[in-house]
Structures are given as structure tokens and as C-alpha cells.
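Please read them beside the sequence and the structure.

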Amino acid sequence: MKLSLPDFLNSSSPAPRPSTPDEPPATVRTRREGAVLHVELHAPETGNAVTEAMLDELLDLYTAPDPEVRVVVLSGAGDDFCLGGDRTEFARWLEEDPAGRGIRVSGEKARRVCEAISGNRAVTIARVQGKAVGAGFALALACDLRVGADTASFRLPELALGLPTAWGGLLPRLIHEVGAARVRELILTGRSFDATEAHGLSVLQRVVAEAELDEAVVAWAKPVVRRPEAALRVTKALLNSYAAATRLADPSFLDAELMASVAAVNSRSPARSSGLGGAHS
């Protein structure tokens with residue numbers, strides 16, 4: 001397998017896309033605290049369901065890193081971290097194009113977002129409260145460090161919806177972090193599991209009371225921001241490269257095609273297409 005150094009070893013940074021007055025309200029909010037950038041999924045009325053607009057905003061943020069930022073914290077507004085992909089948008093794409101072109105485009109963006117999170121030059125931290133489902137689970141798992149509230153829960157419902165677990169390169173990353181046997185059981189049953197089990201599976205590296213989430217994030221971020229930038233950047237490159245070397249195959253570039261193909265087949269079957277309704281997966 002050919003390994004290449006991640007993009008964040010290149011010190012050049014593309015300029016972020018400028019906003020215009022005609023753009024819809026942002027679904028991602030940011031705030032900067034010194035060398036720490038906080039990125040919040042901000043669509044609490046839908047449980048922070050992942051839309052194409054949200055993916056575009058995340059791409060802009062994670063593919064245009066500020067070299068002064070050492071830590072990026074990903075969180076979700078409201079009661080839940082993220083309830084998954086927006087199934088209403090998913091169903092609309094299928095209605096507009098039963099061949100699934102919209103799903104392919106969105107799926108490719110999802111892969112790029114998760115790769116940009118895991119390959120970011122900064123250390124990425126997921127701050128998880130409430131539910132992390134499907135695409136939300138994938139976004140959290142793409143982060144280097146993951147802390148969850150003791151009331152948090154996780155679920156991969158794609159199979160129950162008639163879809164493959166193929167979003168954002170989740171499957172190879174999850175198998176690498178957790179192990180094939182345990183992942184097989186989680187995906188085939190689609191059951192929810194709590195923060196304690198998530199910690200035992202290494203989905204979370206730390207579990208705290210919800211009121212202590214911010215304190216836990218600071219405890220991780222504080223020493224990281226003191227590390228020399230070059231050493232931190234190269235260490236992340238080494239960690240990601242060695243992790244990639246343990247995967248015999250990583251066909252995550254096929255995720256969008258697999259998701260679109262199965263969804264297109266299901267859309268022609270009335271018994272299965274009903275599973276795509278609702279706000280999120």
C-alpha cells in the first residue's frame with residue numbers, strides 16, 4: 001500500500017470562501033479562544049442533522065486551517081451532538097434524480113470533511129452530549145480525541161433504513177479503532193450503546209458528567225497549545241500514517257457510490273423507500 005504524507009504537512013492554506021448577504025443562515029458557528037478554535041454544529045431544531053450546506057461550511061473550515069490554531073473542538077448545539085444525516089434532504093435528492101446523483105455529490109463531500117478533520121494540522125477534539133447517530137457518529141470518530149457526557153449514546157441505524165454503513169469513511173475508521181468483531185455486532189443490530197460502553201470500545205477516550213465537558217476539553221487542549229507547532233504537526237502526520245499502515249484496505253472513496261446505488265435501488269421499492277422519511281437518520 002502506498003502511503004503519502006497528509007495534506008496538513010503542506011504549510012500553505014487556501015483562503016476561506018467569503019460569505020454573501022444572500023446566503024442562508026449558517027449551520028456551523030465558530031469562536032476563537034487563543035490557539036483553540038471551537039466549531040459548533042448549529043441546527044438544534046433538527047438535532048444538528050447534517051445537510052449539504054453544513055458539509056460545505058465544514059469543508060471551508062477544515063480545509064483552510066489557520067496555522068496559529070493548535071486545537072479544534074467540534075461540538076453540537078442543543079440537547080444532542082448530531083442525530084445523523086438529514087433524511088428529508090436525502091429523500092428530495094432521490095425524488096429529483098432516482099439514480100442518486102445528489103447522494104453521490106453529498107457523500108463525496110462527507111468523505112472529504114471527515115478526512116479534513118482527521119488530517120487537520122491541529123489536534124481535533126469531539127465534545128459529545130446527547131445522541132451521536134449515523135453521520136454524527138462519523139464526525140465525532142474522525143476527531144483525534146473524543147470526550148462524552150455520561151448520558152451520551154451512540155447508534156448506527158443505516159442498515160435498518162435499508163442503507164449501507166458508508167458515510168465519511170466511517171467503517172474503516174471504526175474497525176481500526178474498535179475491532180471488526182465488535183463493529184459487526186453494532187452495525188448488524190443497529191442497537192444504541194451508552195457512554196460507558198463507548199469508552200470500553202475506545203469510541204470515547206474519556207467520559208465525564210455533562211456539566212464537566214468543557215473542563216475536560218480544556219484539560220486536553222491546555223498542554224497541546226504549548227507544544228511547538230512543527231513538532232505537533234509532524235507528530236500528527238506520523239500518527240495518521242502509522243494508523244493507515246495497519247489497514248489492509250480503505251475503500252472509503254467508494255462510500256458515496258455505494259450509498260447512492262443502494263438508495264437508488266430502494267427508491268424503486270415502495271416497501272423500503274418509506275424508511276427515508278423524517279429529519280435525520
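Notes on the predicted model

1. The model is predicted. Asn120 sits in the loop that runs between helix H3 (101–118) and strand E4 (123–128).

2. Is Asn120 buried or exposed? Its relative accessible area is 5%, and a residue counts as buried under 20%, so Asn120 is buried. A polar atom of the Asn120 side chain lies 3.0 Å from the backbone nitrogen of Ala122.

3. Another loop, between strand E3 (71–76) and helix H2 (87–96), holds Asp79. Asp79 has 67% relative accessibility; exposed means over 50%, so Asp79 counts as exposed.

4. Which residues gather with Asp79 on the surface? They are Asp150, Glu210, Glu212 and Glu215, and together with Asp79 they form a patch of negative charge.

5. Helix H5 covers residues 170–178. Its buried residues are Leu170, Pro172, Arg173, Leu174 and Val178. Just after H5 comes Gly179, with a positive phi of about 115°.

6. The surface also carries a nonpolar patch of about 320 Å², made by Val234, Leu238 and Tyr242. Tyr242 belongs to helix H9, residues 229–245. With a relative accessible area of 62%, Tyr242 is exposed, because the cut-off for that term is over 50%.

Conventions:
Residues are numbered from 1 along each chain as its sequence is written. This is a predicted model: local features need pLDDT of at least 70, side-chain atom pairs count only at pLDDT 80 or more; totals for chains, interfaces and linings use all residues. Side-chain values use heavy atoms; hydrogens and water are left out. Patches are made of residues with over 30% relative accessible area and no salt bridge: like charges are joined within 9 Å, nonpolar side chains (Val, Leu, Ile, Met, Phe, Trp, Tyr) within 5 Å. Accessible areas come from the Shrake-Rupley method with a 1.4 Å probe; for residues, only the protein chains shown count as cover. A salt bridge is a side-chain nitrogen of Lys or Arg within 4 Å of a carboxyl oxygen of Asp or Glu. Lys and Arg count as positive and Asp and Glu as negative; His and the chain ends are not counted. The place of a charge is taken as NZ of Lys, CZ of Arg, CG of Asp or CD of Glu. Helices (H or I, at least four residues) and strands (E, at least two) are DSSP runs, numbered from the N terminus. Buried means under 20% relative accessible area, exposed over 50%, partly exposed in between (1.4 Å probe, protein chains only). A polar contact is a pair of N or O atoms within 3.5 Å; within protein, one must be able to donate a hydrogen and the other to accept it, and residues adjacent in sequence count only if both atoms are side-chain atoms.
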